[in-house]
Amino acid sequence: MSFACPVSDQRLVLDHVVRIAELAKSNRFAEATPDMVDAVLQGAAEFAEGELAPLNTVGDREGSRWVDGAVTTPPGWREAYARFVEGGWMGLSGPVEVGGQGLPNSLSAAMMEDFNAANVAFALCPMLGLGAVEAIDAHGSDDLKRDYLSKIVSGEWTATMNLTEPQAGSDVGALKSKAVPAGDGSWRVSGTKIFITYGEHDLTDNIIHMVLARTPGAPDGTKGISLFLVPKVLPDGTPNDLGCVSVEHKMGIHASPTCVMAYGEEGGATGWLIGPELGGMSAMFTMMNNARLNVGLQGVGLAERATQRAVAYALDRKQGVRAGLPVRIADHPDVRRMLVRMRALTIAARSLAYYAFGQLDRANLGDREAGLRADVLTPLVKGWCTDVGCEVASLGIQVHGGMGFIEETGAAQHLRDARIAPIYEGTNGIQAADFVQRKIGLDGGAAFDGLIADIRAEAQHKELILLTDELEVLVASARNASPDDRLTASYPLMTMAAVLTAGWLVERLGRAIDAGEGGGGNAGRRAAIEYFLSVIVPEAVGLGAGAEATAEMIYQAPAEELA
């Protein structure tokens with residue numbers, strides 16, 4: 001099936017959820033004029049549809065291959081990446097002083113949604129570069145910025161994030177990689193890292209690895225971690241002491257090489273500190289929070305692609321009768337229910353993700369409260385939007401029926417690709433824990449409470465108001481609960497907060513549509529928005545029972561007896 005990027009839907013969200021025209025009033029984002037926004041949306045759509053989408057199936061079937069330390073990407077990947085660089089897409093929101101275009105992150109989010117929808121395995125490569133640019137720009141020395149930022153912003157070099165080790169997954173503080181000073185301002189890094197996305201490939205001549213390691217005498221845990229910039233190729237053109245020793249064989253995203261990286265096999269890989277010694281977690285979280293929001297966009301993009309595929313199939317497939325006449329399966333009530341639900345979840349997830357990026361844009365203009373709100377929203381976007389991606393992709397298979405279970409239709413790939421998103425960049429359980437342990441108490445609770453106050457001031461739908469009431473009570477209880485009880489309630493609380501915020505935003509879209517905004521297709525949008533508010537929001541209210549469950553309930557039986 002052909003894929004078309006949802007440009008008009010994206011513009012509607014940028015205009016009425018992000019309110020991008022307000023951003024364009026600032027000097028920093030003055031280039032984000034209506035004409036520029038339209039040009040970017042249209043150009044990104046053309047690149048995604050024309051260059052990336054045709055490679056999606058071959059990437060899934062061929063995958064990236066490892067031979068003797070070298071990784072070869074699938075046919076067409078190198079040519080597509082060269083055109084990606086030539087088009088300047090990597091630098092869309094990059095700093096102007098190093099060759100970027102300096103446009104809003106929220107506009108870059110629309111671009112990344114398109115790329116994720118067209119070919120998420122390809123989009124993973126530039127996604128990590130976006131986070132690296134932010135981390136180096138915020139924490140790197142002037143020399144590192146001079147030597148590396150412009151190359152990453154242009155896309156000439158790619159970047160990676162190296163946290164996980166065989167014994168240290170989500171528990172980053174357990175990592176053992178080491179770095180010792182070399183006496184010339186550089187460090188010698190050694191250790192093994194796993195699950196390194198695009199750790200090795202044939203798209204560029206150099207790869208810039210962002211590596212967490214311990215320095216001599218560093219304390220245990222996360223307080224003893226530093227961040228190092230470790231290039232594949234050193235400034236003098238010689239290879240660094242690092243290499244890819246294997247790639248993983250995965251359920252999905254086959255074309256994205258997930259690498260095991262070895263550093264310092266011959267004495268130590270040369271690297272340079274990013275930020276102060278022992279300040280690695282702070283610097284890495286700059287990159288990781290960017291990645292978490294972008295992983296949320298993976299859920300949005302895959303949901304959009306799965307929805308389009310399911311609608312196309314349901315309109316073409318004839319099965320059964322209604323009123324004595326053969327009908328398309330799209331006309332059967334249960335299939336129509338699934339299609340409306342898919343569209344509703346996709347619109348809502350897009351609204352939530354773009355809104356979070358818009359708050360980041362406002363934070364970059366000096367708005368402290370917007371920055372705090374972006375912090376609150378980050379686990380909601382990463383957690384709920386990736387759950388939406390999985391649910392919508394699964395519904396897409398169901399719409400296809402038995403054919404959805406057959407690989408040739410393409411529906412199964414969306415679910416296989418989507419399933420990693422709730423896991424990497426901090427599992428969704430970790431996002432939920434972050435939400436209840438840190439985010440509901442951020443700024444003395446004012447950051448979350450301010451979000452609730454804004455929703456109360458604008459929400460009109462009775463189900464939204466009911467969910468607001470329920471969530472406010474449950475969050476107040478969680479703030480005073482024991483740590484185990486709070487964590488037991490964390491996932492339903494995170495989901496409730498995400499659905500509430502998304503519902504508030506899609507209700508805003510509905511008012512814009514009623515006022516004549518959005519162009520064609522408004523009947524479908526309006527139906528999806530009403531379904532979200534009338535069905536999905538009340539479902540979230542029902543999660544309150546899970547949020548009220550105590551740790552005693554889940555620990556009353558030994559884990560061994562749950563087998």
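This is a predicted model: local features need pLDDT of at least 70, side-chain atom pairs count only at pLDDT 80 or more; totals for chains, interfaces and linings use all residues.
**Exercise 1.** Determine how the radius of gyration of the protein chain compares with that of a compact globule.

*Solution.* Begin with the chain length, which is 563 residues. For a compact globule of that length, a radius of gyration near 24 Å would apply. The protein chain has 23 Å, which agrees. Next, consider the extents: along the principal axes, the C-alpha trace spans about 80 × 60 × 55 Å. Finally, turn to the contacts with a separation of 6 or more, of which 76% join residues 24 or more positions apart.

**Exercise 2.** Identify the members of the largest nonpolar core that touch the most other members, and describe the surroundings of Phe435.

*Solution.* The largest nonpolar core holds 163 residues. Those touching the most other members are Phe115, Trp384, Phe435, Leu493 and Phe532. Helix H6 (residues 105-139) contributes the largest share of this core, 21 residues. Another core, of 16 residues, lies apart from it and includes Val189, Ile196, Val230 and Val247. For Phe435, set aside residues up to four places away in sequence; the residues touched are then Val376, Pro379, Leu380, Ile440, Phe448, Leu493, Met494 and Ala497.

**Exercise 3.** Find how far apart the mean positions of the positive and negative charges are.

*Solution.* Count 47 positive and 70 negative charges in the protein chain. Their mean positions are 3 Å apart.

Conventions. Residues are numbered from 1 along each chain as its sequence is written. Side-chain values use heavy atoms; hydrogens and water are left out. A nonpolar core is a set of buried Ala, Val, Leu, Ile, Met, Phe, Trp, Tyr and Cys residues joined through side-chain atoms within 4.5 Å. Buried means under 20% relative accessible area, exposed over 50%, partly exposed in between (1.4 Å probe, protein chains only). Helices (H or I, at least four residues) and strands (E, at least two) are DSSP runs, numbered from the N terminus. Contact means heavy atoms within 4.5 Å. The radius of gyration is taken over C-alpha atoms; the globule rule is 2.2 Å times the number of residues to the power 0.38. Lys and Arg count as positive and Asp and Glu as negative; His and the chain ends are not counted. The place of a charge is taken as NZ of Lys, CZ of Arg, CG of Asp or CD of Glu.
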